[in-house]
Amino acid sequence: MRYAQGGGLTAERQQFREEVRLKAAERFAQGEATSVIAKVLRVNVRSVQRWRQKWEEGGPRALRSRGPASLPRLSQEQFAQLEAELAKGPAAHGWEDQRWTLARIKTVIGRCFHMAYTIQGVRKLLARNGWSWQVPARRAMERDDETVAGWVKEVWPCAEVSRRPVEPGSSSRTKPDSP
């Protein structure tokens with residue numbers, strides 16, 4: 001997967017790509033052609049051209065990885081605390097229904113950690129930590145499962161009409177009663 005958990009490259013993948021760039025730097029020093037390097041390393045010629053330009057300006061150090069583009073603003077401990085708050089449910093935070101929306105999670109983050117996130121930032125934060133978009137089960141809080149089970153067992157079979165005719169039929173549309 002190119003972007004693991006929706007949050008950029010994994011550390012292993014970053015290291016692999018850096019090794020490819022450093023192998024290209026060794027070949028630059030040997031004077032190999034760009035197209036040959038691209039073919040051997042199985043990368044795009046344009047990428048090798050960009051690497052060569054950086055290498056000429058700053059040497060092999062210019063091809064080293066600079067790390068992730070951005071670091072998460074919430075630490076793992078803070079995210080664990082956020083998960084605990086979300087597990088309490090929306091009612092514990094003042095909302096009447098049982099739905100977590102990105103806007104509500106953004107509000108909880110602001111209240112608990114005094115940080116301002118955008119809606120898209122909240123979505124990326126949740127995706128990076130393995131959360132996915134879910135639709136809640138539509139069940140009333142007052143629902144009595146025993147009563148529902150009894151209704152399904154006793155009333156529903158009487159109300160349900162059989163869709164198949166009892167007598168044998170014919171597959172012909174024009175002569176339904178033909179032998």
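Q: What makes the pairing of the Q120 and R123 side chains a polar contact?
A: In this predicted model, the two side chains approach to 2.8 Å, and a polar contact is a pair of N or O atoms within 3.5 Å, where within protein one must be able to donate a hydrogen and the other to accept it, and residues adjacent in sequence count only if both atoms are side-chain atoms. Side-chain atom pairs count only at pLDDT 80 or more, and local features need at least 70. Side-chain values use heavy atoms, without hydrogens and water.

Q: Why is Q120 called partly exposed?
A: Its relative accessible area is 44%, and partly exposed lies between buried (under 20%) and exposed (over 50%), with a 1.4 Å probe and protein chains only. Q120 is therefore partly exposed.

Q: Why is helix 5 called roughly perpendicular to helix 6?
A: The axes of helix 5 (residues 102–113) and helix 6 cross at roughly 90° and come within 9 Å. Roughly perpendicular covers 65 to 115 degrees (under 35 is roughly parallel, over 145 roughly antiparallel, the rest oblique), so helix 5 is roughly perpendicular to helix 6.

Q: What makes the aromatic pair of F28 and W55 tilted?
A: The ring centres lie 5.4 Å apart, with 50° between the planes. Rings pair if their centres lie within 6.5 Å (for Trp, the six-membered ring), and planes under 30 degrees apart are stacked, over 60 edge-to-face and the rest tilted. The pair of F28 and W55 is therefore tilted.

Q: Why is F28 called buried?
A: F28 has a relative accessible area of 4%, and so counts as buried.

Terms used: Residues numbered from 1 in each chain as written. Axes fitted to C-alpha atoms, helices over the stretch in contact; angles between N-to-C directions. Helix = DSSP H or I, 4+ residues; strand = E, 2+ residues; numbered from the N terminus.
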